[in-house]
Amino acid sequence: MADRKEYRDDEEIYEGRGWLPTWWTVMLWAGFAFAAVYSIYTHGVAGWSQEAQYREESAAIEALRPRTVATLGEDGANPLRGDAAAIDRGHKTFLANCAACHKEDATGNIGPNLTDTTWLHGNTDRALFALIMEGALTPDTWKQNPPKGPMPAHKDLLGAQKVLEVMSYLATLNTSLKPR
């Protein structure tokens, strides 16, 4: 091992050149140039702005939200109760949005059974409409035996029209749901 040089603790490590490698320096300056050109093009030439993109995306989301204004009758009854077309649409909406918690036959899974005569929040159209639109907090759901999960608000997801259609479908499943 005569060809290996022994180093002592008091010797300095020799680094060769004292600057960065040429390829690294070229890549650094190319990155700076790209950033400058990209910023000038994006904000100056193309006219992109974060505020404009936010407004466009917000408008697209708002277009997806349900806008149909529907309410209960003056007496608190569901105006779509007994309407065959509304019942069919309500059944489809129930299967798509409600069956995950209440099962396809509405006998209850995570959510309560909707076919029995037990209604924790009231068995009128007015009470059920408020419950579906606004949801139920967790302490309210602990009253169930056995306790079930919370009911999320569906006013933004479904809108009043679809909620009324689902209620008309539920009225066909459970005769204990009263119009008033």
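In the predicted model, helix 3 and helix 6 are roughly perpendicular to each other. Their axes cross at roughly 100° and come within 7 Å. Helix 6 spans residues 159-173, and helix 3 spans residues 84-102. On the side of helix 3, the contact is made by Ala86, Ile87, Arg89, Gly90, His91, Thr93, Phe94 and Cys98. Helix 6 contributes Gln161, Lys162, Glu165, Val166, Ser168, Tyr169, Leu170 and Thr172. By residue class, the contact of helix 3 with helix 6 divides into seven nonpolar, six polar and three charged residues.

Cys98, one of the contact residues of helix 3, counts as buried because its relative accessibility is 12%, under the 20% limit. Cysteine 101 is partly exposed, with a relative accessible area of 31%. The structure holds zero disulfides. For cysteine 98, the nearest cysteine sulfur is that of cysteine 101, 8.4 Å away. A disulfide requires sulfur atoms within 2.5 Å, so the sulfur of cysteine 101, 8.4 Å from the closest cysteine sulfur, is too far for a bond.

Asparagine 78 lies in the loop between helix 2 (50-64) and helix 3 (84-102). This residue is buried, with a relative accessible area of 6%. The side chain of asparagine 78 reaches the backbone nitrogen of leucine 80 at 2.9 Å. Leaving aside residues up to four places away in sequence, asparagine 78 touches Leu72, Asp125, Leu164, Met167 and Ser168. Among these, Ser168 also belongs to the contact between helix 3 and helix 6.

Key:
Residues are numbered from 1 along each chain as its sequence is written. This is a predicted model: local features need pLDDT of at least 70, side-chain atom pairs count only at pLDDT 80 or more; totals for chains, interfaces and linings use all residues. Side-chain values use heavy atoms; hydrogens and water are left out. Buried means under 20% relative accessible area, exposed over 50%, partly exposed in between (1.4 Å probe, protein chains only). Helices (H or I, at least four residues) and strands (E, at least two) are DSSP runs, numbered from the N terminus. A polar contact is a pair of N or O atoms within 3.5 Å; within protein, one must be able to donate a hydrogen and the other to accept it, and residues adjacent in sequence count only if both atoms are side-chain atoms. Contact means heavy atoms within 4.5 Å. Axes are lines fitted to C-alpha atoms, for helices over the stretch in contact, and angles run from 0 to 180 degrees between N-to-C directions. Angles under 35 degrees count as roughly parallel, over 145 as roughly antiparallel, 65 to 115 as roughly perpendicular and the rest as oblique. Ala, Val, Leu, Ile, Met, Phe, Trp, Tyr, Cys and Pro count as nonpolar, Asp, Glu, Lys and Arg as charged, and the others, Gly among them, as polar.
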